Amino acid sequence: MNINLTLVLGILLLLIGVQAGYKKGLVKGIRDVIALIATVLTLSLILMLTSSFRAGEVRNTIFTLIIMAILGAVYGVVKFALRSMKRISNLPIIKFADSILGILVGIVWVFILYLVIIALGYKGHLGVFSNVVVENVESSVILSVINKFNIFI
């Protein structure tokens, strides 16, 4: 019987996400999820920018730079709004609810990270582990369902 390492990694990440989400709380967790999404989008835009620049497509290069500037501005506004919410979440009664709801955000953060790991495996960017990830996903019903809705592939 083979051990599905990708599924075991997912379960370990899920446990870490629950613990980290409880510790951080809802507001800080949302900030971290938004930062993760912004990072993934920025990396995608950088890849688009370099490929457009190499191909000599000036229009796509300019559009990508504009999108990156808009993404940076939106991230700055959201970060500013969440900073004021963090002060409110430090009130005694709200702090406990913030910690409990932070568990959900921790799970979402881990799920996004897990989808990125699976996508990197399918695209061959994990080196030797890419084949292991693909084989594990295709042999597991749970991972196949998760991968079916993977927006990063």
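A residue is called buried when its relative accessible area is under 20%, exposed when that value is over 50%, and partly exposed in between. This tour applies those terms to a predicted model.

**The whole chain**

The protein contains six helices and zero strands, giving the pattern α-α-α-α-α-α along the sequence. Buried residues account for 29% of the 153 residues. Among contacts with a separation of 6 or more, 73% join residues 24 or more positions apart.

Next, display the surface. Its accessible area comes to about 10,300 Å², and carbon and sulfur atoms contribute 75% of it.

**The largest nonpolar core**

Select Leu-13, Val-110, Tyr-114, Leu-115, Ile-118, Val-133, Val-137, Leu-143 and Ile-146; these nine residues form the largest nonpolar core. Helix H4 (92-122), helix H5 (129-139) and helix H6 (141-148) each provide at least two of its residues. H4 supplies the largest share, four residues. In soluble globular proteins, nonpolar side chains tend to be buried together.

Beyond its neighbours within four places in sequence, Ile-118 is in contact with Val-133, Val-137, Asn-147, Asn-150 and Ile-153.

**Ser-89, between two helices**

Move to Ser-89, which is located in the loop between helix H3 (58-88) and H4. Is this residue buried or exposed? Ser-89 counts as buried because its relative accessibility is 3%, and the cut-off for that class is under 20%. Show the side chains around it: apart from residues up to four places away in sequence, Ser-89 touches Val-27, Ile-94, Lys-95 and Asp-98.

**Ile-30, on helix H2**

Finish at Ile-30, in helix H2 (residues 26-55). Its relative accessible area is 29%, so Ile-30 is partly exposed. Which residues does Ile-30 contact, leaving aside its neighbours within four places in sequence? They are Leu-82 and Val-105. Ile-30 and Gly-106 are 76 residues apart along the chain, and their C-alpha atoms are separated by 8.7 Å.

Conventions
Residues are numbered from 1 along each chain as its sequence is written. This is a predicted model: local features need pLDDT of at least 70, side-chain atom pairs count only at pLDDT 80 or more; totals for chains, interfaces and linings use all residues. Side-chain values use heavy atoms; hydrogens and water are left out. Buried means under 20% relative accessible area, exposed over 50%, partly exposed in between (1.4 Å probe, protein chains only). Contact means heavy atoms within 4.5 Å. Accessible areas come from the Shrake-Rupley method with a 1.4 Å probe; for residues, only the protein chains shown count as cover. A nonpolar core is a set of buried Ala, Val, Leu, Ile, Met, Phe, Trp, Tyr and Cys residues joined through side-chain atoms within 4.5 Å.
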